[in-house]
Amino acid sequence: MRTRNQIVTKGLVATLTAGLFMACQNNKTAGTAPAANTASTAVATNGGFKIAYVDLDSLEAHFEYFKEKRAELEKKQQSMENTLQGKARGLQNEFENLQRNASGMTQEQGETAQRSILAKKQQLEQEAQQMRTTYSEQEAKFNDELQTRLDGFLESFNKDKRFAYIFSYRKGVSNILWKDSNYDITAEVIKGMNAAGTAK
């Protein structure tokens, strides 16, 4: 029984030793591989997958279509806020006038004026909610359109199947914890998408 255990133990040790030796040999081989110089030739060492990433912050800063549409949305948002603030100020002025003139009104007149202001306040709140909902829908539609454009462009960009994966990267909120700039294809994507937008 003891001899059998010794054989098993020696067998395990031999297997582990062989495994470590092979791992060291693989590491030496991997260490002598030349470094990738461009995004087009960047290859991940494990499995040989070609990968790349697009920096979304840079894309948004330099993609002309995005900048134009974002400016339009911001203009609409500012207009909405100005409209709501103007109506809120008008309602506040009406309330202050009511307070100043309350002494010259009958109780019934005062209550009627208060109900009118309350109704206008509720109407303004509903209008504000409707405006914000409409704006959120427009913003979501814009984001969907942008994603569709990006997906369509990347499908055409990668039609030669040179990349197995193309990741998105955004500073602070990305799942990518570290990146090698050799894998960055953002400039190519921005150039291509701007050219496609100009052609349209």
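Residues are numbered from 1 along each chain as its sequence is written, and side-chain values use heavy atoms, with hydrogens and water left out. Because the model is predicted, local features need pLDDT of at least 70 and side-chain atom pairs count only at pLDDT 80 or more, while totals for chains, interfaces and linings use all residues.

A search of the whole structure finds five aromatic pairs (rings of Phe, Tyr and the six-membered ring of Trp with centres within 6.5 Å; planes under 30 degrees apart are stacked, over 60 edge-to-face, the rest tilted). One of them joins Phe63 and Tyr65, a tilted pair at 5.9 Å centre to centre with 45° between the planes. Both residues are buried (under 20% relative accessible area with a 1.4 Å probe, protein chains only; exposed is over 50%, partly exposed in between). The charged end of Arg149 sits over the ring of Tyr65, 3.7 Å from its centre (CZ of Arg or NZ of Lys within 6 Å of the ring centre and within 35 degrees of the ring normal).

Phe66 and Phe142 also pair; their ring centres are 5.4 Å apart and their planes at 35°, so this pair is tilted. Phe66 belongs to helix H3 (residues 64-101) and Phe142 to helix H4 (residues 107-157), 76 residues apart (helices are DSSP runs of H or I, at least four residues, and strands runs of E, at least two, numbered from the N terminus). Phe66 is buried at 9% relative accessible area, and Phe142 is buried at 5%.

Strand S1 (residues 51-55) has four of its five residues buried, so the rest of the structure largely encloses it. S1 runs parallel to strand S2 (residues 165-169), joined by five bridges (strands pair if DSSP finds at least two bridges between them). Within this pairing, Ala52 stands opposite Ile166 of S2.
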